[in-house]
Amino acid sequence: RRAVRAIARSGLHCLKLTRLEIVVATDNIASRGVAEKAGAVFECVARNRLIVGAKPVPAAVYAITPGQSGF
């Protein structure tokens, strides 16, 4: 969680990025928890977004944007 927040702050403030995305396989509960605890906002489930084991799988898309609480 701390690493995600540090990377996000650096990207948003130092690099002036306007959006950071965290894309996680929907069944990867641990990584989804990290994204949520870091303050990323869940936006959608995208079909066939990732390839896992040579198979397309759906992924949860989270975003962090400037001005968002804590960033």
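**View 1. T26 is partly exposed, at 23% relative accessibility.** Partly exposed covers the range between buried (under 20% relative accessible area) and exposed (over 50%), with a 1.4 Å probe and protein chains only. The model is predicted: local features need pLDDT of at least 70, side-chain atom pairs count only at pLDDT 80 or more, and totals for chains, interfaces and linings use all residues. Residues are numbered from 1 along each chain as its sequence is written, and side-chain values use heavy atoms, without hydrogens or water. T26 sits in the loop that links strand 1 to helix 2 (29-37). Helices (H or I, at least four residues) and strands (E, at least two) are DSSP runs, numbered from the N terminus. Setting aside residues up to four places away in sequence, T26 touches R32, V45, P58, A59 and A60. Contact here means heavy atoms within 4.5 Å. A8 is 18 residues from T26 along the chain, and their C-alpha atoms are separated by 22 Å.

**View 2. Three strands form an open sheet in the order 1-3-2.** Pairing is antiparallel. Two strands count as paired if DSSP finds at least two bridges between them. Strand 1 (20-25) and strand 2 (41-52) are the edge strands, and each pairs on one side only. Neighbouring strands of this sheet are turned by 30° against each other on average, direction ignored. Strand 1 meets strand 3 (residues 55-64) through six antiparallel bridges. V23 has V61 in strand 3 as its bridge partner. Strand 2 and strand 3 also run antiparallel, joined by eight bridges.

**View 3. Helix 1 (residues 2-14) lies across strand 1 and strand 3.** How does helix 1 run relative to strand 1? The angle is about 145°. Axes are lines fitted to C-alpha atoms, for helices over the stretch in contact, and angles run from 0 to 180 degrees between N-to-C directions. Beyond its neighbours within four places in sequence, A8 is in contact with L20, I64 and F71.

**View 4. The largest nonpolar core has nine residues.** Its members are A8, L12, L20, A35, A40, A60, Y62, I64 and F71. Such a core is a set of buried Ala, Val, Leu, Ile, Met, Phe, Trp, Tyr and Cys residues joined through side-chain atoms within 4.5 Å. Helix 1 and strand 3 each supply at least two of the residues. Strand 3 gives the most, with three. Core member F71 also carries a charge over its ring: the charged end of R5 sits 4.5 Å from the ring centre. That label requires NZ of Lys or CZ of Arg within 6 Å of the ring centre and within 35 degrees of the ring normal.

**View 5. F42 and Y62 form an edge-to-face pair.** The structure holds one aromatic pair. Its ring centres are 5.5 Å apart and its planes stand at 65°, so F42 and Y62 count as edge-to-face. Rings of Phe, Tyr and Trp (its six-membered ring) pair if their centres lie within 6.5 Å; planes under 30 degrees apart are stacked, over 60 edge-to-face, and the rest tilted. F42 belongs to strand 2 and Y62 to strand 3, so the pair ties together parts that are 20 residues apart in sequence. F42 is partly exposed at 40% relative accessible area, whereas Y62 is buried at 0%.

**View 6. Strand 2 and strand 3 form a hairpin with two residues between the strands.** In this hairpin G53 takes a positive phi near 60°. I51 stands opposite P56 in strand 3. P56 is partly exposed, at 39% relative accessibility. Apart from residues up to four places away in sequence, P56 touches N48, L50 and I51. From P56 to A25 the C-alpha distance is 9.9 Å, across 31 residues of sequence.

**View 7. K16 and N48 each have a positive phi.** Where does K16 lie? K16 is in the loop between helix 1 and strand 1. Phi of K16 is near 60°, in a residue other than glycine. K16 is exposed, with a relative accessible area of 61%. N48 is found in strand 2. Its phi is near 50°, again in a residue other than glycine. N48 is exposed too, at 55% relative accessible area.
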